[in-house]
Amino acid sequence: MRVIFIGPPGAGKGTQAEKMVAKYKLAHLSTGDMLRAARDAKTEIGVEAEKYMSSGQLVPDDVIIGVISERLKQPDCAAGCLLDGFPRTTAQAEALDKMLAENASKLDVVLELRVPDEELYKRLSGRGRADDKPEVIKERLVAYNNQTSPLLDYYGKKGLLKTVDGLGTVDDIFIRIEKILDEYAV
Ligand code: ADP
């Protein structure tokens with residue numbers, strides 16, 4: 001099963017992603033985690049990415065497309081994967097379509113975790129990450145609304161989009177996700 005998980009910063013994607021990869025035995029491809037690891041290891045990509053991450057902007061498409069295309073070739077992705085944080089722009093989505101077509105594989109479903117902006121501000125202000133400063137939060141939400149939300153339309157037109165209400169307890173939300181994913185699980 002190949003799943004894309006889309007949602008604004010603060011929607012609770014990370015928490016739900018952990019539960020999804022455990023239950024459905026999926027490789028977890030979190031581009032945020034990959035970039036933070038690269039930054040901490042001070043690799044060339046990490047140093048470049050940090051310039052954008054620290055101000056809440058998206059890293060350039062070619063950088064992240066390179067990272068994810070290498071990752072998708074790893075053997076653990078063959079049985080199924082959860083793409084968490086990628087694609088985030090239409091150019092990334094088109095690049096992903098190409099990569100999948102080259103491998104004769106396809107997406108099963110695109111899950112959107114939906115949470116209203118006011119709630120996101122509240123939640124994000126209570127976290128302690130370096131890019132959770134109010135100005136940076138604002139930039140990340142702007143990036144989501146301008147660059148990532150067009151993907152909802154992109155995948156909606158392909159008939160792949162399913163939206164999940166992201167308000168409620170962690171368990172409530174996971175039950176909603178299971179109702180969708182159980183259909184694609186082998
Ligand atoms: P969030 O909590 O904002 O969803 P992530 O942990 O997914 O954040 O990503 C953190 C930062 O890493 C983003 O603000 C962005 O700078 C960068 N990033 C992660 N994934 C991508 C991507 N697919 N394209 C561009 N930048 C990305």
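1. In which loop does Lys 42 lie? In this predicted model, Lys 42 belongs to the loop between α2 and α3, where helices (H or I, at least four residues) and strands (E, at least two) are DSSP runs numbered from the N terminus. Residues are numbered from 1 along each chain as its sequence is written, and because the model is predicted, local features need pLDDT of at least 70 and side-chain atom pairs count only at pLDDT 80 or more, while totals for chains, interfaces and linings use all residues. Side-chain values use heavy atoms, with hydrogens and water left out.

2. Although Lys 42 is not a glycine, its phi is positive, at about 55 degrees. Lys 42 has a relative accessible area of 66% and is therefore exposed (buried means under 20% relative accessible area, exposed over 50%, and partly exposed in between, with a 1.4 Å probe and protein chains only). Lys 25, in the loop between α1 and β2, likewise has a positive phi of about 55 degrees without being a glycine, and Lys 25 is exposed, with a relative accessible area of 66%. As background, most residues other than glycine have a negative phi, and most peptide bonds are trans.

3. The peptide bond from Phe 86 to Pro 87 is cis, with omega near -5 degrees, and Pro 87 itself sits in the loop between β3 and α5. Both Phe 86 and Pro 87 are among the residues touched by Gln 92, along with Asp 61, Ile 64 and Ile 65, when residues up to four places away in sequence are not counted (contact means heavy atoms within 4.5 Å). Gln 92 is placed in helix α5 and, with a relative accessible area of 2%, is buried.

4. Asp 84, in strand β3 (residues 81-84), counts as buried because its relative accessibility is 7%. Leaving aside neighbours within four places in sequence, Asp 84 is in contact with Phe 5, Lys 13, Ala 17, His 28, Leu 29, Ser 30 and Thr 31.

5. Gln 57, by contrast, is found in the loop between α3 (44-53) and α4 (61-72), and its relative accessibility of 46% means that Gln 57 counts as partly exposed. The side chains of Gln 57 and Ser 55 are joined by a polar contact of 3.0 Å (a pair of N or O atoms within 3.5 Å; within protein, one must be able to donate a hydrogen and the other to accept it, and residues adjacent in sequence count only if both atoms are side-chain atoms). The C-alpha atoms of Gln 57 and Val 142 are separated by 8.9 Å, although these residues are 85 apart along the chain.

6. The largest pocket holds about 880 Å³ of space. On a 1 Å grid over the protein atoms alone, a pocket is an open set of points with protein on both sides within 12 Å along at least five of seven lines, a cavity is a set of points where a 1.4 Å probe fits but cannot get out, and lining residues have an atom within 4 Å of a point; grid points are joined across faces, edges and corners, and a volume is the space filled by probe spheres set on the points. Of the 43 residues lining the largest pocket, Lys 13, Arg 36, Arg 88, Arg 129 and Arg 140 are the closest to its centre. The lining comprises 14 nonpolar, 18 polar and 11 charged residues (Ala, Val, Leu, Ile, Met, Phe, Trp, Tyr, Cys and Pro count as nonpolar, Asp, Glu, Lys and Arg as charged, and the others, Gly among them, as polar).

7. The second largest pocket contains about 230 Å³ of space, and its lining divides into 5 nonpolar, 4 polar and 3 charged residues. Both α4 and α5 (90-102) supply at least two residues of this lining, with α5 giving the most, at 3 residues.

8. A search of the whole structure finds 1 cavity of 30 Å³ or more, and about 70 Å³ of space lies in the largest cavity. Its lining includes Phe 86 and Pro 87, as well as Phe 5, Lys 13, Tyr 144 and Thr 148, and the elements giving two or more residues to that lining are β1 (2-6) and α7. By class, the lining of the largest cavity has 6 nonpolar, 3 polar and 2 charged residues.
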